[in-house]
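I opened this notebook to record what I looked up in the structure shown below. The entries follow the order in which I consulted it.

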Amino acid sequence: MRENTKLEGIKKLHKLDRKLIVLRKKHDELPNTLKQLDEAVEGKDKALQEAGGRLTALRTRYDASNLELKAHESEIERLESQLLSVKTNKEYSAILSETATEKADIAKIEDEMLLLIDNIEQQEKTIQECSENKRLAERDRENHKDEIAQEQEEVSRSLREFGSQRDTIAAIIAPEVRHQYERILKKRGASTVVPVIDNSCQGCFMKMTPQVQAQLLKNESIIYCKFCSRIIYLD
Ligand SMILES: [Zn+2]
């Protein structure tokens with residue numbers, strides 16, 4: 001099999017292009033990783049703010065209940081002093097009945113307040129948890145930030161390095177071959193140049209005709225798969 005220099009050049013070029021494709025993908029994805037870490041912190045912060053808002057609402061309700069309680073207590077005091085100056089049994093029992101209603105109201109409010117105290121304690125625990133979660137997310141972001149920045153730098157450096165190697169190889173490939181290759185590369189990416197194994201194109205897995213098989217064996221020019229247009233060769 002004599003050396004097919006055009007094919008060898010294209011294979012070298014494709015090897016670099018495959019590396020460049022992976023690197024470009026990484027280069028585009030790294031800022032997303034950073035963004036996801038930021039979003040995680042934002043999410044935890046939002047949960048903390050919301051939990052804080054709920055605690056404030058609970059405390060406001062507790063204070064309102066407390067005021068209500070005090071109003072009922074002073075009403076009872078008023079009724080008790082009124083009791084000293086009543087003249088008839090009817091008035092007396094009316095005041096007792098009113099006092100009983102006030103006391104029932106107070107009992108109800110006190111039950112609600114106990115429940116609110118439970119809820120407030122629960123909410124304070126939730127806030128502690130939210131605050132810890134936020135701290136962990138921030139730590140996670142800090143730990144990864146430098147790593148990501150370093151990786152970004154390495155990827156950029158590799159992109160420049162392999163890019164310049166690619167330019168050198170591309171310059172010695174016949175322009176018409178290179179342009180055809182680059183057209184296919186746009187569509188097929190990392191699988192632009194594929195081997196034929198067991199008589200099937202490894203890009204589209206179609207069987208090669210005897211005529212193409214013969215061309216592949218001859219190995220004298222660039223051969224394109226008739227089905228998917230990829231550049232094919234015998235491994
Ligand atoms: Zn094919």
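**Entry 1: the sheet.** I looked up the sheet and found an open one of four strands, in the order E2-E1-E4-E3 and with mixed pairing. Its edge strands are E2 (200–201) and E3 (223–224), each of which pairs on one side only. I note that two strands pair if DSSP finds at least two bridges between them. Strand E1 (residues 193–197) and strand E4 (residues 231–234) run parallel and are joined by four bridges. Opposite Val 196 I found Leu 234 of E4.

**Entry 2: the source.** I record that this is a predicted model, in which local features need pLDDT of at least 70 and side-chain atom pairs count only at pLDDT 80 or more, while totals for chains, interfaces and linings use all residues. Residues are numbered from 1 along each chain as its sequence is written.

**Entry 3: the elements.** I looked up the protein chain and found four helices and four strands. Read from the N terminus, these elements run α-α-α-β-β-α-β-β. Helices (H or I, at least four residues) and strands (E, at least two) are DSSP runs, numbered from the N terminus.

**Entry 4: helix H2.** How far apart are the end C-alpha atoms of helix H2? I found them 116 Å apart, which agrees with the 123 Å that the 83 residues of H2 (residues 89–171) should span at 1.5 Å a residue. The expected span is 1.5 Å times one less than the number of residues. H2 bends by about 30 degrees at His 144; the bend is the angle between axes fitted to the seven residues ending there and the seven starting there.

**Entry 5: Lys 15.** I located Lys 15 in helix H1 (residues 5–83). Lys 15 counts as partly exposed because it has 15 C-beta neighbours inside 10 Å. A residue is buried if 20 or more other C-beta atoms lie within 10 Å of its own, exposed if 12 or fewer, and partly exposed in between, with C-beta atoms placed from the backbone. The C-alpha atoms of Lys 15 and Lys 108 are separated by 79 Å, and the two residues are 93 apart along the chain.

**Entry 6: the whole chain.** I noted that the C-alpha trace spans about 130 × 40 × 25 Å along its principal axes. Of the 235 residues, 9% count as buried. The domain assignment, automatic or from a database, gives domain 1 (19–173) and domain 2 (175–235). I found their C-alpha centres 60 Å apart.
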